[in-house]
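Let's walk through this model together, beginning at the ligand and moving out to the strands and loops. Have the viewer ready.

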Amino acid sequence: MLTILDLNHRIFAGGRYMDILKSVLTALENHTGEWISGGKLADQFDVSRNTIWRAMNNLIAAGYPIESVTGRGYRLSSGKDVLSETGIKLNLKRPDAYEFDCRGTVDSTNRILKELARDGAPSGTVIVADSQLKGRGRFGRTFHSPPGTGIYFSFLLRPEAYHVPVNILPAIAAVATSEGIREVFGIKNGIKWVNDIYIDDRKVAGILTEAEIDLETGSQAYVVVGIGINVYAPLQSFPEEIKNIAGTVLDGEPRPNGRNRLIAAILNKWDYYSAVENIDECSRLFRERSILKGRDVQVTIGRTTYPASVIDCDDKFQLIVEQIDGTRQILSCGEVTLSL
Ligand code: BTN
């Protein structure tokens with residue numbers, strides 16, 4: 001059973017100590033399953049053995065499966081991937097920009113975050129869950145969210161936190177997720193317009209972006225970006241209705257800190273690609289990663305569905321499709337389904 005523990009925020013107060021904590025964790029990860037002596041780590045990082053001991057205790061308190069034996073040192077057990085605020089923050093480029101609430105089982109991280117947003121939560125609030133009972137997908141669908149194997153998180157954006165048109169936020173989230181998976185696990189993946197992530201023609205991640213308008217002013221009150229990723233194979237196989245479509249990012253056993261590193265990488269990529277000066281690069285990547293170019297699809301807009309073939313994406317993250325009679329449409333919203 002997976003436990004999620006959040007470490008006291010005070011450990012992040014000292015930058016030097018945070019660097020040491022990160023170095024200790026990296027050293028353990030690089031030697032997963034092997035013993036490392038506390039004395040050697042102390043010499044390597046030029047700190048006292050007591051500092052190493054304190055770092056280990058903080059990591060253990062955060063849920064890391066670290067064993068310690070007198071005379072042998074410390075060892076990070078293999079085969080476990082513990083979700084924790086510490087593990088995420090240690091890998092974030094802007095740890096102060098995000099406030100995490102890591103939970104075990106919830107109904108839906110998007111639902112919780114929208115409730116917090118209505119109560120005034122600030123931009124950068126992030127809800128992470130180990131599993132969801134009512135994970136929400138696009139178009140009223142559900143998102144299968146079993147425990148221990150996936151990532152389910154939502155982050156909050158107030159209007160002052162983004163400077164690009166709100167309608168391209170879902171596509172930016174797709175690029176951030178695609179890039180995060182590539183960076184952390186070195187796995188090539190594609191984007192199925194507008195924001196599903198695919199590996200070998202199987203969906204491994206979905207994104208649900210929800211916004212609320214302030215009816216008094218007509219302006220955007222907040223945006224919640226919710227990302228769900230099947231990182232490892234679920235303990236029970238995927239449900240019947242998605243078993244021919246769903247896939248996972250990795251095949252093998254859980255990697256220590258894998259999910260934390262992936263969440264942090266996606267948020268780091270989000271910070272980069274949502275900056276106005278990087279939008280062109282983001283749209284180029286979005287186009288390059290599209291798995292739909294040249295493929296036959298069913299387009300659904302509202303209650304209308306029609307067959308078409310995909311020409312390309314344009315530089316505004318829109319999809320250009322050609323209908324059977326040769327007319328072209330430029331889609332900025334809607335749903336496309338691959339024709340098999
Ligand atoms: C889709 O594939 O249609 C979108 C799926 C989005 C799932 C994520 S998991 C975290 C967040 N909370 C939810 O309830 N949904 C999103």
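In this predicted model, an oxygen atom of the ligand sits 2.7 Å from a polar backbone atom of Arg-138. Arg-136 does likewise through its backbone, with a polar atom there 2.7 Å from a ligand oxygen. Gln-132 uses its side chain instead: a polar atom of that side chain is 3.0 Å from a ligand nitrogen. A polar contact here is a pair of N or O atoms within 3.5 Å; within protein, one must be able to donate a hydrogen and the other to accept it, and residues adjacent in sequence count only if both atoms are side-chain atoms. On its own the ligand has 410 Å² of accessible area, and the protein covers 99% of that (Shrake-Rupley, 1.4 Å probe; for residues, only the protein chains shown count as cover).

A word on ground rules: the model is predicted, so local features need pLDDT of at least 70 and side-chain atom pairs pLDDT 80 or more, while totals for chains, interfaces and linings use all residues. Residues are numbered from 1 along each chain as its sequence is written, and side-chain values use heavy atoms, with hydrogens and water left out.

Now zoom out to the shell. There are 19 residues around the ligand, and Ser-108, Thr-109, Arg-136, Arg-138 and Lys-203 come nearest (near means a heavy atom within 4 Å). Which elements each supply at least two residues of that shell? They are helix H5 (109–118) and strands S5 (150–157), S8 (202–214) and S9 (219–230), with S8 giving the most, four residues. Helices (H or I, at least four residues) and strands (E, at least two) are DSSP runs numbered from the N terminus.

Ala-308 stands opposite Gln-323 in S12. S11 and S12 make a hairpin with five residues between them, and Phe-317 in the turn has a positive phi of about 70°. S12 is also joined to S13 (residues 328–331), antiparallel, by four bridges, with Glu-322 and Arg-328 as bridge partners. That hairpin has four residues between its strands, and Gly-326 in the turn has a positive phi of about 95°.

Finally, two loops to check. The Trp-193 to Val-194 peptide bond is cis, with omega near 10°, and Val-194 falls in the loop between S6 (190–192) and S7 (196–199). Asp-46, a non-glycine residue, has a positive phi near 55°.

Notes: Pairing = 2+ DSSP bridges.
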